[in-house]
Amino acid sequence: MNRHEKLMELPTQRQPVKFYQTGTFTVGNRLLPENLRSVQADIGRTNSLNSGHRACQGCGEALGARYAIDAAMRATDNQLVAVNATGCLEVFSTPYPETSWQIPWIHSLFGNAAAVASGVAAAQRVRGRPHVRVVAQGGDGGTTDIGFGCLSGMFERNDDVLYICYDNEAYMNTGVQRSSATPPGARTATTPALGREPGNVSGTGKNVPLIAMAHRIPYVATASVANLHDLELKVTTAMEFHGARYIHIHVPCPLGWGSLPADTIRIARLAVESGLFPLFEARDGHVSARTPIRRKVAVDEYLKLQKRFAHLFASPAGRERIALIQATADRNIEEFGLLEDEATRG
Amino acid sequence: MDKPFAITLDVGSSLANKTGSWRAQRPLYVDRLPPCNNACPAGENIQHWLYHAESGDYEAAWRALVVDNPLPAIMGRVCYHPCEGACNRGQLDAAVGINSVERFLGDEALHRGWKFDPPAPSSGKKVLVVGAGPSGLSAAYHLRRMGHAVKIVEAGPMAGGMMRFGIPKYRLPRDVLDGEVARIVDLGVELELGRKVSDIHKAMQAEGCTAAFLAVGAHIAKRAYIPAGEAARMLDAVSVLRGMEGDDKPMLGRRVVVYGGGNTALDVARTAKRLGATESIIVYRRTREKMPAHDFEVEEALQEGVLIKWLSTIKNMGDEGTLTVEKMELDDKGFPQPTGEIETLAADSLVLALGQDVDLSLLENVPGLEIKGGVVQVGANMMTGFPGLFAGGDMVPSERTVTVAVGHGKKAARHIDAWLRGTAYVAPPKHEIAAFDKLNAWYYADAPKTVRPMLDLARRTSTFDEVVSGLNETNALFEARRCLSCGNCFECDNCYGVCPDNSVIKLGPGKRFEFNYDYCKGCGICVSECPCGAIMMVPETN
Ligand SMILES: Cc1cc2nc3c(=O)[nH]c(=O)nc-3n(C[C@H](O)[C@H](O)[C@H](O)COP(=O)(O)OP(=O)(O)OC[C@H]3O[C@@H](n4cnc5c(N)ncnc54)[C@H](O)[C@@H]3O)c2cc1C
Ligand SMILES: Cc1ncc(C[n+]2csc(CCOP(=O)(O)OP(=O)(O)O)c2C)c(N)n1
Ligand code: SF4
Ligand SMILES: [Mg+2]
């Protein structure tokens with residue numbers, strides 16, 4: 001069954017073929033045929049990132065990485081190599097000589113994951129093993145800041161690599177410093193909740209999915225740990241292409257965000273449902289599909305569960321900044337058409 | 001040393017790092033009590049039988065259902081379904097149509113001829129049951145399944161009690177009743193019809209029983225003093241409805257007035273309409289809000305053209321068929337008070353539907369009984385003040401519904417069984433209720449309730465055809481799948497998927513899951529994301 005046939009069968013909110021009560025949103029469902037369940041529902045999933053890793057309780061990045069890499073493993077028939085940038089994901093998974101990775105995996109530097117991955121892909125081609133596919137992965141710091149040059153080069157050369165960024169919105173591994181993916185208003189170690197405009201400044205930052213699209217690479221997508229089916233479909237789709245591909249996954253960080261470990265998925269869901277983190281796909285530089293919001297919520301719902309935004313609720317000036325954040329969410333909803341029933345994936 | 005350059009140690013797995021030691025609290029799988037089960041007077045495990053119905057295994061669903069209640073096809077028609085009032089789904093869109101799925105399963109069983117599982121090996125003990133209404137039938141069924149010999153003695157010509165001689169056919173077709181009674185008799189229950197027990201001691205001695213279950217119902221119509229002329233036609237509801245079972249239907253005339261505000265009054269008024277009355281008027285002394293009858297029944301009666309005079313009492317009935325009616329008004333305490341305002345109503349007959357009393361004559365020689373408010377008092381074990389004599393249904397303090405009667409029968413059977421073995425039945429502790437706030441409703445897809453088609457109105461008022469028809473297989477399956485499975489794992493794989501530490505072990509279909517406490521860090525995501533509230537966090541003790 002190819003992906004399009006699968007979509008026709010899947011009881012997503014867009015195509016209610018049969019009523020299964022859950023299954024559209026839950027990981028699995030005993031009533032669904034085996035081939036329509038998620039990779040994560042599989043009793044024999046790879047568990048690419050195995051137990052015993054040292055990520056914090058409720059780590060969204062650990063979860064997102066297993067979701068994505070397990071899906072990529074299934075999509076490539078286990079013919080996969082992963083290249084990892086420095087960051088939490090690398091540090092918590094591989095304290096020498098232990099590793100949590102159950103796949104071929106390589107780490108080099110903080111800023112060069114994209115370049116190393118380009119090299120691995122070239123090596124596979126030269127060795128006559130083009131079916132061995134390459135994934136590069138890193139945090140937002142390693143992707144949107146220090147690794148950005150290598151990443152842009154990989155895009156521009158259209159190297160045969162899927163790059164996955166796990167966005168926890170700061171440099172978490174070194175103690176929560178601001179990155180170019182840190183949202184306005186957020187308190188980090190380097191943007192304390194002090195002064196006239198406490199927390200991270202408004203009006204800056206960069207949107208790497210949109211920058212990736214500007215390179216006109218074949219496939220760009222955003223995903224969230226709150227929507228497993230959507231995430232798996234995007235990783236699977238990405239593996240159907242050759243050339244440079246990019247997926248940006250939103251992964252809450254209980255430590256850095258000051259949230260409860262048990263709330264990780266809830267918070268990721270609120271980011272999507274408020275419009276702050278739009279889920280979409282782009283082909284050849286054009287948005288081709290978006291995942292509609294199911295039950296719209298105000299940004300407050302998302303912000304108030306995180307201590308990094310607590311100061312915004314404490315003053316009138318903070319309230320004004322929340323209004324700005326709401327305006328950003330509303331603009332996303334408008335620009336991406338996130339409330340349209342007809343929002344479909346191509 | 002055969003290692004690559006600069007490598008000194010073998011590759012190790014992170015499995016060596018038992019992150020379970022970080023944990024301050026641990027997740028536990030639990031079964032919470034679904035609110036529907038909690039509300040069911042017959043103690044049905046609704047969520048459990050719906051679970052089987054969801055997968056289309058209707059026979060397994062029916063078998064799970066009849067563990068508690070042997071009359072699903074009847075229940076699916078006459079039960080007032082408090083389960084649906086309690087259903088958590090009601091807070092999402094509309095309650096699950098539990099009652100309609102129950103009826104579907106009951107009908108399916110009759111249609112396919114499913115039989116009960118055979119009884120347990122014979123205990124060598126025998127129990128006498130007096131009365132073959134729902135309570136007596138239920139007790140007999142449960143006692144028989146436990147392996148006891150059971151004899152029911154019933155005064156009437158047929159089994160069913162008020163289900164046959166009270167509830168009209170258009171709500172409970174008699175082939176359905178006959179089918180479900182026959183299945184109980186087929187279990188090996190002895191049923192003797194047409195014998196009224198007049199002395200319970202003698203009857204027990206004659207049958208060689210040390211234990212008996214009494215379920216004689218409440219059949220004596222209550223009267224109100226209404227001065228009436230010689231020729232006035234005044235009847236009581238119970239006799240009118242009982243008369244419907246014979247060949248000569250009651251003669252009520254064209255203008256019928258029914259006095260009372262319970263479900264019985266409505267049944268009589270609706271029956272009168274079907275017998276050809278042009279006017280069928282209910283006179284009730286309070287308001288619609290205060291009426292004990294269920295609102296959906298009032299609604300159905302009004303749709304059929306029954307008229308209701310609220311806040312009115314009947315003063316007297318004259319020979320020429322005129323009723324004097326006085327208007328009432330509610331005082332501050334909500335009690336109706338006379339206003340002195342009088343009107344007259346033409347009536348060919350007046351039917352009193354003012355409730356029923358229990359005929360206690362068979363208990364005259366029994367010592368130790370406590371009778372209060374005309375009903376027999378029983379303990380928590382359904383035993384009367386006389387050892388070995390148990391009672392249930394309408395003759396004991398109760399809400400007087402078929403479902404309560406069935407529940408009494410089941411409860412009494414468990415205690416009688418223990419009593420016969422010289423022990424006491426101890427009910428297992430009740431689980432915590434799976435309240436709505438224990439669920440994560442995000443995961444449930446939106447799905448409106450399937451509404452059972454109503455018989456076309458015109459057809460309904462002229463015939464005794466069943467008013468509400470059933471679900472077919474497609475919408476029964478749909479309806480069953482609307483169940484949220486409150487408090488009980490339904491294997492959605494969420495916990496298995498959302499654990500960042502792979503600490504949930506999937507055991508395979510039907511076997512649910514297990515935690516791997518070697519690695520579980522106690523983050524609690526599984527608890528937050530469990531749709532049905534079947535996991536809870538508890539503090540680590542060491
Ligand atoms: C018109 C009407 C409509 C109703 N509609 C509903 C409804 O829709 N839903 C609902 O849940 N409830 C309804 N009820 C209430 C329900 O029928 C009763 O609560 C229920 O039947 C009580 O069950 P029971 O077994 O206690 O007694 P009963 O059903 O009254 O059965 C008692 C049986 O004992 C027999 N008996 C009595 N004395 C003796 C004796 N001395 N020896 C031998 N046998 C004896 C009687 O003949 C009878 O068969 C209705 C009641 C009426 C009157
Ligand atoms: C060249 C270089 N500079 C700094 C570091 C220190 N360092 C290690 S991880 C890290 C932060 C990683 O942040 P991010 O990429 O967002 O990943 P996260 O830890 O948040 O998942 C830094 C600054 C380094 N390893 N190499
Ligand atoms: S949703 Fe299902 S388990 Fe929950 S109360 Fe309703 S019928 Fe019962
Ligand atoms: Mg980061």
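In the predicted model, an oxygen atom of ligand 2 lies 2.9 Å from a polar backbone atom of A:A170, a polar contact being a pair of N or O atoms within 3.5 Å (within protein, one must be able to donate a hydrogen and the other to accept it, and residues adjacent in sequence count only if both atoms are side-chain atoms). Taken alone, ligand 2 exposes 580 Å², of which the protein buries 73%; accessible areas come from the Shrake-Rupley method with a 1.4 Å probe, and for residues only the protein chains shown count as cover.

The shell around ligand 2 holds 16 residues, the closest being A:C88, A:G141, A:G142, A:A170 and A:M172; a residue is near a molecule or strand if one of its heavy atoms lies within 4 Å of it. Helix α5 of chain A (residues 140-145) gives the most to this shell, with three residues. Helices (H or I, at least four residues) and strands (E, at least two) are DSSP runs, numbered from the N terminus. By class, the shell of ligand 2 comprises six nonpolar, eight polar and two charged residues, where Ala, Val, Leu, Ile, Met, Phe, Trp, Tyr, Cys and Pro count as nonpolar, Asp, Glu, Lys and Arg as charged, and the others, Gly among them, as polar.

Residues are numbered from 1 along each chain as its sequence is written, while chains are lettered from A and ligands numbered from 1 in the order in which they are written. Local features need pLDDT of at least 70 and side-chain atom pairs count only at pLDDT 80 or more, whereas totals for chains, interfaces and linings use all residues, and side-chain values use heavy atoms, with hydrogens and water left out.

Ligand 1 is surrounded by 35 residues, with B:V78, B:E154, B:R171, B:H219 and B:D394 the closest. Two side chains and one backbone atom are in polar contact with ligand 1: a polar side-chain atom of B:H219 lies 2.5 Å from an oxygen atom of the ligand, an N or O atom in the side chain of B:D394 lies 2.7 Å from an oxygen atom, and a polar backbone atom of B:A215 lies 3.4 Å from an oxygen atom. Of the 990 Å² that ligand 1 exposes when taken alone, 95% is buried by the protein. The elements of chain B that supply two or more residues to this shell are α7 (134-145), α12 (263-274) and α14 (402-420). The shell of ligand 1 divides into 16 nonpolar, twelve polar and seven charged residues.

Ligand 3 also has its shell in chain B, including B:C36, B:C87, B:C483 and B:C486. Helices α1 (35-39) and α2 (46-54) of chain B each contribute at least two residues to that shell. Ten residues around ligand 3 are nonpolar and two are polar, with no charged residue.

The structure holds eight cavities of 30 Å³ or more. On a 1 Å grid over the protein atoms alone, a cavity is a set of points where a 1.4 Å probe fits but cannot get out, and its lining residues have an atom within 4 Å of a point. Grid points are joined across faces, edges and corners, and a volume is the space filled by probe spheres set on the points. The largest cavity has a volume of about 240 Å³ and is lined by 21 residues, of which A:F25, A:A226, A:N227, A:L228 and B:W442 lie nearest its centre. Helix α10 of chain A gives the most to this lining, with four residues. The lining of the largest cavity comprises twelve nonpolar, six polar and three charged residues.

In chain A, β8 (residues 280-283) and β9 (residues 286-290) are joined by four bridges, strands being paired if DSSP finds at least two bridges between them. A:E281 stands opposite A:A289, and A:D284 takes a positive phi near 50 degrees in the hairpin, which has two residues between the strands. In chain B, five bridges join β12 (residues 312-317) to β13 (residues 322-330), with B:N316 and B:T324 as bridge partners. Strand β13(B) also pairs with β14(B) (residues 336-346) over eight bridges, and B:L323 stands opposite B:L345.

Methods. 1 Å grid on protein atoms, 1.4 Å probe; cavity = no way out; pocket = protein on both sides within 12 Å on 5 of 7 lines; lining within 4 Å.
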